[in-house]
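Here is a short briefing to read alongside the model. Have the viewer open, and let's walk through it together.

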Amino acid sequence: MHDGSGLIAVQNLTKQFGPVTAVQNLSFTVSPGSVTGFLGPNGAGKTTTLRMLLGLVKPTSGTATINGRPFHQLGQPGRVVGAVLEAQGFHPARTARNHLRVYASAIGVPDAQADQVIGLVGLGSAADRKVGGFSLGMKQRLALATALLGDPQVLVLDEPANGLDPEGIAWLRTFLQSYARMGRTVLISSHLLAEVEQTVDQVVIISRGQTMFYGPLQQLRQSQQKRVLVQPSDLNALATALRAEGVQAIEQLPDGRLAVSGVESKQVADTALKAGVSIYGIQEEQVDLERLFFQLTSGQYAGYAPAPYQQQQQQGGWH
Ligand SMILES: Nc1ncnc2c1ncn2[C@@H]1O[C@H](COP(=O)(O)OP(=O)(O)OP(=O)(O)O)[C@@H](O)[C@H]1O
Ligand SMILES: [Mg+2]
């Protein structure tokens with residue numbers, strides 16, 4: 001039927017909608033036992049990629065497989081892969097429990113499983129309420145419960161944190177991590193790196209349908225060179241002393257400090273002492289993943305601030 005590996009493999013995937021290239025030559029794999037974040041700004045091609053993976057959109061070229069097979073060749077797909085895509089439709093007059101029972105019977109799992117997943121996602125007390133009255137976050141939880149019905153080996157969630165409150169996000173994080181630790185494959189999309197930063201082990205970052213970064217989150221952090229930010233009594237004297245030691249990457253910041261790359265703060269402090277320069281403040285810059293994410297993905301639908309807001313920014317001195 002399929003190889004049972006739980007591996008998601010996307011290879012040279014491209015999707016063209018008329019003149020729009022939604023996904024362009026995208027390749028990545030997602031292995032069992034880890035949570036992978038699929039990240040990119042609005043319109044980057046995340047949902048289109050996931051829809052191709054789930055057999056809902058036909059690729060223009062390339063392949064997307066689960067367990068080595070395209071979705072429609074999976075046999076019992078409901079038991080292999082559970083998915084939540086955006087804009088999930090629910091019958092508004094159905095209760096959550098009945099909704100789940102309908103899906104349970106469709107994929108051939110017992111009703112008891114419906115009751116179990118509803119408790120798992122924290123909707124036990126709302127199980128017999130009509131879904132039409134559910135909040136966005138409750139609908140997200142119900143969609144997740146639906147995806148979990150077949151106890152799937154592979155979980156694919158499109159923006160699952162959308163609409164969840166902080167407690168819900170924390171719960172989702174723990175849940176997905178423990179699901180992955182059980183040997184399952186978890187792929188979640190988001191347009192916010194910060195939202196999934198603490199949940200994912202590796203990331204695939206896309207922009208305009210193309211891969212910008214693919215690898216462990218740790219590697220992304222390390223790709224940004226650390227800088228030492230220092231406030232010396234004499235900028236020129238410290239810069240000259242550092243250059244004399246072979247340190248070239250020195251930059252003056254608008255706030256009057258020096259930013260020195262590729263060194264430890266100890267070296268900067270020792271050099272300053274030898275040069276007779278006082279140090280009023282010194283710190284190692286924290287790696288700012290969000291800034292890195294912006295740099296990698298900036299652009300496609302970037303808006304402009306209205307004029308008064310731009311003015312305010314300039315007056316405030318933020319650039
Ligand atoms: N059915 C379609 N017909 C035409 N264009 C489409 C279709 N589906 C998606 N697109 C286009 O493909 C591009 C990628 O869209 P997609 O929905 O995959 O982005 P996304 O990364 O999921 O964005 P978001 O964060 O806003 O959900 C967009 O330019 C979008 O307009
Ligand atoms: Mg989307």
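In the residue classes used here, Ala, Val, Leu, Ile, Met, Phe, Trp, Tyr, Cys and Pro count as nonpolar, Asp, Glu, Lys and Arg as charged, and the others, Gly among them, as polar. By that scheme, the shell around ligand 1 holds four nonpolar, seven polar and one charged residue. This is a predicted model, in which local features need pLDDT of at least 70 and side-chain atom pairs count only at pLDDT 80 or more, while totals for chains, interfaces and linings use all residues. Residues are numbered from 1 along each chain as its sequence is written, with chains lettered from A and ligands numbered from 1 in the order in which they are written.

**Domains**

- The protein chain splits into domain 1 (8-221) and domain 2 (225-284), with bounds that come from an automatic or database domain assignment.
- Taken over C-alpha atoms, the centres of domain 1 and domain 2 are 47 Å apart.

**The ligand shell**

- Residues surrounding ligand 1 include Phe17, Val20, Ala22, Lys46, Thr47, Thr48 and His191; a residue is near a molecule if its C-beta atom, placed from the backbone, lies within 6 Å of it.
- S2 and H1 are the elements that give two or more residues to this shell.
- H1 gives the most, with three residues.
- Helices (H or I, at least four residues) and strands (E, at least two) are DSSP runs, numbered from the N terminus.

**The three-stranded sheet**

- An open sheet has the order S2-S1-S4 with antiparallel pairing, where two strands pair if DSSP finds at least two bridges between them.
- Its edge strands are S2 (20-30) and S4 (61-66), each pairing on one side only.
- From one strand to the next, the twist averages 20 degrees; axes are lines fitted to C-alpha atoms, for helices over the stretch in contact, and angles run from 0 to 180 degrees between N-to-C directions.
- Seven bridges link S1 (residues 8-17) with S2 in the antiparallel sense; Ile8 has Val30 as its bridge partner in S2, and Phe17 has Val20.
- S1 and S2 make a hairpin with two residues between them, and Gly18 in the turn has a positive phi of about 55 degrees.
- On the S4 side, S1 is joined antiparallel by five bridges, with Thr14 opposite Ser61.
- Helix H1 (residues 46-53) lies across S1, S2 and S4 and runs at about 115 degrees to S1.

**Ser5, before the sheet**

- Ser5 is found in the segment before S1.
- Ser5 and Ile66 are 61 residues apart in sequence, yet 8.4 Å apart in space, C-alpha to C-alpha.
- Leaving out residues up to four places away in sequence, Ser5 touches Asn67 and Gly68; contact means C-beta atoms, placed from the backbone, within 7 Å.

**The four-stranded sheet**

- Another open sheet has the order S11-S12-S10-S13, again with antiparallel pairing.
- S11 (250-252) and S13 (279-284) are its edge strands, each pairing on one side only.
- S10 (residues 227-232) and S12 (residues 258-261) pair in the antiparallel sense over four bridges, and Arg227 has Ser261 as its bridge partner in S12.
- Helix H9 (residues 235-244) packs on the sheet, touching S10, S11 and S12, and makes about 10 degrees with the direction of S12.
- Helix H10 (residues 265-274) also packs on the sheet, touching S10, S12 and S13, and makes about 160 degrees with the direction of S13.

Technical notes: Contact = placed C-beta atoms within 7 Å.
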